[in-house]
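Take a first look at the whole chain, then follow the text from the overall fold down to single residues. Keep the 3D view open as you read.

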Amino acid sequence: MREAMQEVAARPAGEARRGGAAGEHRRDAQGTRRLLLDAASELFAERGYERATVRDIAARAGVNQALLFRYFGSKKALFGEVMARGGHEQLRSTPAERLFDVALRGMLAEGRGPGADRSLEVCLRSIGGSDEIAEALRGLGDEYAEALATLSRAEDGALRGDLALSWLLGIGLMRVVVGKEPLASADPNTVSRLVGEALGSLLEGLPKTE
């Protein structure tokens with residue numbers, strides 16, 4: 001320990017300053033990336049991919065739009081990272097039996113702070129975009145459906161997974177995009193309970209609702 005301290009003390013002042021500046025730059029870069037990801041997630045969820053502009057994403061993040069291209073390369077690459085951070089991370093970290101409820105509650109939640117997962121909202125508002133974006137969304141949908149299908153032992157389990165996903169996205173469409181009442185203002189716990197009770201007949205591996 002003493003030797004390490006002596007080594008640091010022996011470094012030229014300029015080298016120490018450069019090392020400190022490099023560390024500060026890395027922290028700033030990570031913070032800027034996080035701000036851009038949060039802003040992009042919000043705007044893609046609010047407007048969809050096509051209508052969320054690079055200028056608006058940078059403005060909401062409070063940074064120059066040139067930094068978006070420096071850290072992500074393109075709007076499409078930024079979209080990919082938003083989806084990876086949200087939907088794909090949710091798939092990796094959530095047990096299949098909890099996936100539907102976690103995803104549903106994520107769409108029903110109000111007052112979400114920065115960094116909240118809004119990947120399914122992004123899907124809903126970005127449908128009909130470019131072929132590459134549509135393909136990415138289909139890929140994410142396939143992964144959700146495949147995970148949900150594991151909750152059924154029936155021969156038509158894949159179909160049941162698709163139906164469960166369709167119900168999930170349909171609820172999100174009517175509540176988040178259309179704003180259909182009374183669903184739009186319904187209590188999230190009530191919606192989750194009612195949907196969970198009905199969904200149990202489709203996916204028998206779901207935990208029983210209390």
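Start at the N terminus and read along: the elements of the protein chain run α-α-α-α-α-α-α-α-α-α. That comes to ten helices and zero strands. Both kinds of element are DSSP runs, numbered from the N terminus: helices are H or I with at least four residues, strands are E with at least two.

A word on the source. This is a predicted model, in which local features need pLDDT of at least 70 and side-chain atom pairs count only at pLDDT 80 or more, while totals for chains, interfaces and linings use all residues. Residues are numbered from 1 along each chain as its sequence is written, and side-chain values use heavy atoms, with hydrogens and water left out.

Now the chain as a whole. Of its 210 residues, 38% count as buried. Buried means under 20% relative accessible area, exposed means over 50%, and partly exposed lies in between (1.4 Å probe, protein chains only). Next come contacts, meaning heavy atoms within 4.5 Å. Take those between residues at least 6 apart in sequence: 67% of them join residues at least 24 apart.

What lies inside? The largest nonpolar core has 51 residues. Such a core is a set of buried Ala, Val, Leu, Ile, Met, Phe, Trp, Tyr and Cys residues joined through side-chain atoms within 4.5 Å. Its largest share, eight residues, comes from α2. F44 and I57 have the most contacts inside this core. Leave out residues up to four places away in sequence, and I57 touches L36, A39, A40, L43, F44, A52, L68 and L78.

Stay with F44 and turn to the rings. Rings of Phe, Tyr and Trp (its six-membered ring) pair if their centres lie within 6.5 Å; planes under 30 degrees apart count as stacked, over 60 as edge-to-face and the rest as tilted. By this rule there are three aromatic pairs. One of them joins F44 and F79 edge-to-face, at 5.3 Å centre to centre and 70° between the planes. This pair links distant parts of the chain: F44 is in helix α2 (residues 13-47), F79 is in helix α5 (residues 75-93), and they are 35 residues apart. Both F44 and F79 are buried.

F79 has another partner. Y49 and F79 also form an edge-to-face pair, with 5.1 Å centre to centre and 80° between the planes. Y49 lies in the loop between α2 and α3 (54-61) and F79 in helix α5, so this pair ties together parts that are 30 residues apart in sequence. Y49 is buried too, like F79.

Which charged end sits over the ring of Y49? It belongs to K75, 4.4 Å from the ring centre. The rule here is that NZ of Lys or CZ of Arg is within 6 Å of the ring centre and within 35 degrees of the ring normal.

K75 leads on to T53. The two are 22 residues apart in sequence and 8.3 Å apart in space, C-alpha to C-alpha. T53 lies in the loop between α2 and α3. Its relative accessibility is 34%, so T53 counts as partly exposed.

The UniProt record, an unreviewed entry, lists residues 53-72 as "DNA-binding region". UniProt positions are given in the numbering used here, feature names are shortened, and annotations may be inferred rather than shown by experiment. In the model, residues 53-72 are 80% helix and 0% strand, and the end C-alpha atoms are 14 Å apart.

Back in helix α2, find L37. Its relative accessibility is 10%, so L37 counts as buried. Leaving aside neighbours within four places in sequence, L37 is in contact with F72, L78, E81, V82 and R85.

Move on to helix α8 (residues 131-149). Its buried residues include I133, L137, L140 and Y144. What covers the buried residues of α8 includes α5, α6 (96-108), α7 (119-126) and α9 (157-178).

R160 lies in helix α9.

One last stop is P182, in the loop between α9 and α10 (188-199). The peptide bond from E181 to P182 is cis, with omega near 10°. Most peptide bonds are trans.
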